[in-house]
Structures are given as structure tokens and as C-alpha cells.
Amino acid sequence: MTGRVLVARLDNIGDVLLAGPAVRAVAAHADHVVLLAGPRGRAGADLLPGVDEVVEWCAPWIDPEPPALTQDSVDALVKQVRDLRLDAAFVLTSFHQSPLPLALVLRLAGVPWIGAISDDYPGSLLDLRHRVSGDPPEAERALSLVTAGGFSLPEGDDGALAVRRPLPDTRALTGADPFVVVHPAASVPARQPAWETTASAVTALVRAGHRVVLTGGPAERDLTGRIAHAARSERVVDLGGATSLPELASVLAAARVVVAPNTGPAHLAAAVGTPVVSLFAPVVPQSRWAPYGVPRVVLGDQDAPCKNTRARTCPVPGHPCLALDAAEVVGAVGAMELLTASAGGHDHGPAPRVGTKPTGGVS
């Protein structure tokens, strides 16, 4: 199958990055790839190799703070999709989401062929109803869909996560000396350690001889500032709110190790090939959502009472699943450094490990 193909992933940045191998498989065979992304994932969409065009739309059945579903908003999307003159579309979703609302909208827009993973009976909404057994990593789950639809990764593409290169030069922000990144925040509170836990880990990392760069979005400046203040060390650099997503990718690529909870920057670290110490709350399965395709250590009680609840706010007093000892974090960072050194380091070069189709611009 060739032609103009839409791939939809309407969630957060991390979800979009995990769709990267599937997008590249489509791009290896299609003439033009459109990525339909939500506002929370748009910046990640702009970083994906193989994407020629990005369309942004907020889906009321996906977004955690959903807007009202109105005829005007649906009509606008239908017109926009119709104007794309698509030949096919894939709707990527998590296991707990339904692709059928978007499939209905795409049918109304005249898309002639639609594929998705669906346990629910789709009627005439889907041409490919793909089923996935077991609990595979999210990147492999999405790739299995497009492969079933006739799009496979090209020779030489190892299926890892990836971003567009070159990335910005951020040495003026981080300094030239080796460093470990600590990203303390997550998109939902249940996946984020208490700030005191992260501050203790940062202090312990500094005492163990590491230089630490703190990262975070604009809304997380107070958090990174509080942690930096608690560490009271010139060996801690606070970049909370100071980077764009491409700049953050560059910072993560230059790090020896990234320490982060289950959130977008952990997947961004994997996409630039940096080992991750994952502070993972078991509210979702780590088999699906732990950093993919890079060396990693998963910390956190994976059998805590919150396991598989998909809770956004911790349902257990004291947040015990992420009540981590700082020594655990220091030990995990050291293990990742040793593993990386024995393997000859990780690749921060200009060329991503992707397929052969040139990457076009995004809009």
C-alpha cells in the first residue's frame, strides 16, 4: 500500500514518541504521512522521523480534561481530513481506549481504509480489526497494527524509538562536564515521587560525585527550584522551564543516565538512546510503559496496592510504591553507567536509527 496515510495518536508526548516505530514503518512505504495528534502530544509529533505533516485536534474521548464534543469541532476536523485526500488511516490507542469514535469521524471524512486495534465489534468502521494478545510494550503493540496493515519497518531500522536530528546544542545550558539528568515530575500525581524523595536522591547523587541537571516544564519550575535549593550544591543545575522539547531532547542525549518517573521525558530519553533509571509507579504495567529499547533499571514497588488501577491520584496513603531510598537510585545510576561504559557508550551522533524515507517538514 502506498499513497497518503494518516496515523493518529491523540495522547501525551510519551505516547506519541512510542508510536515512532509504527510511524516510520508507514513512512517507509507511503508517499505522505500525516500524524493526527492532540495538543498534549503535538510537540512530540513534531520530533518524529517520517512525519510529513502534523494535524492537531483535541479528542473529547481521549484528553484527561476533555472539551465538550460539538458538531462544529467535529465538522472542522472532517473538513480538514477530507482536504488531506487520504488513502488510508491507522488509529493508535492504548489498551483501555476505543478507536471507534475517531474511526467514525474518519469515515465521515471519506477515508476509504481504516485500521485499528479493537476488542469491540467495529461494524463497517474498520477495514482492519487487529487483535493483540498478551501484554507487549506499547511501541511493539502499535507496530504490530501497521505491520498487519501491510507496512513493515525497512531493512536497517531496528525498531527503537527515535527523534529527528540534529538536535540543538545545549552545552551552554548544561555545561560541558558529564552529568546525570533528574526529571522529578510526571503528568499525573500518582506517577510522581514526593519532592522530598527526589531531593534526597539528588543530594545523594551529588555526594557520590555526580553532577546533576534538573529538568522540567514551565509548570514545574517551583518543583525543580525546591529540589535544587534543598541540595544546596553548585553541582546541581536547575533547567526547570528553561528548555523547549528539542532542547530537552538534546540535554537528555548528552546525559550519562536519566532518572525519571513514568512520563514523557523518560520516553524521550529512550528516543535519544540514553539509559534510564525509571521511578515507576505500578498504576499501569511496566511491561507496557517502561522506557523502551534502552538499558534501564525499574525502581518502585511493582506489587503495591495501587497496581494496575490506572489511578491519577495515589489511592494509598503515603504513596508507598515510590517511597524510594536514595541509595537505591545512586546504585541504579552507577549500574547504568557501568553498563554503558562496557558497551562503549551510547550514540549521540547526528544520524537517527530510522528508515530510508527522507523526513519532510511539519506544519
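**Pocket, strand pairing and aromatic contacts in the predicted model**

A pocket is an open set of points on a 1 Å grid over the protein atoms alone, where a 1.4 Å probe fits, with protein on both sides within 12 Å along at least five of seven lines; lining residues have an atom within 4 Å of a point. Of the 42 lining residues, Asn 12, Ile 13, Ser 187, Thr 263 and Gly 264 are the closest to the pocket centre. The structure is a predicted model, in which local features need pLDDT of at least 70 and side-chain atom pairs count only at pLDDT 80 or more, whereas totals for chains, interfaces and linings use all residues. Residues are numbered from 1 along each chain as its sequence is written, and side-chain values use heavy atoms, with hydrogens and water left out.

Helix H11 gives the largest share of the pocket lining, four residues. Helices (H or I, at least four residues) and strands (E, at least two) are DSSP runs, numbered from the N terminus. H11 (residues 264-271) also carries the chain from strand S10 to strand S11 in a right-handed β-α-β crossover; with the strands pointing away from the viewer, such a path from the first strand over the helix to the second runs clockwise.

S10 (residues 258-261) and S11 run parallel and are joined by four bridges; strands pair if DSSP finds at least two bridges between them. Strand S12 (residues 296-299) is likewise parallel to S11, over four bridges, and Val 298 in S12 is the bridge partner of Ser 278. Both faces of S11 (residues 276-279) are covered, with Val 276 and Ser 278 buried on one side and Val 277 and Leu 279 buried on the other. Buried denotes under 20% relative accessible area, exposed over 50%, and partly exposed the range in between (1.4 Å probe, protein chains only).

Three aromatic pairs are present. Rings of Phe, Tyr and Trp (its six-membered ring) pair if their centres lie within 6.5 Å; planes under 30 degrees apart are stacked, over 60 edge-to-face and the rest tilted. Trp 57 and Trp 61 form a tilted pair, at 5.6 Å centre to centre and 55° between the planes. Trp 57 is buried, at 10% relative accessible area, while Trp 61 is partly exposed at 28%. Phe 90 and Trp 113 are both buried, and ring pairs link these two residues and Phe 151 into a cluster.
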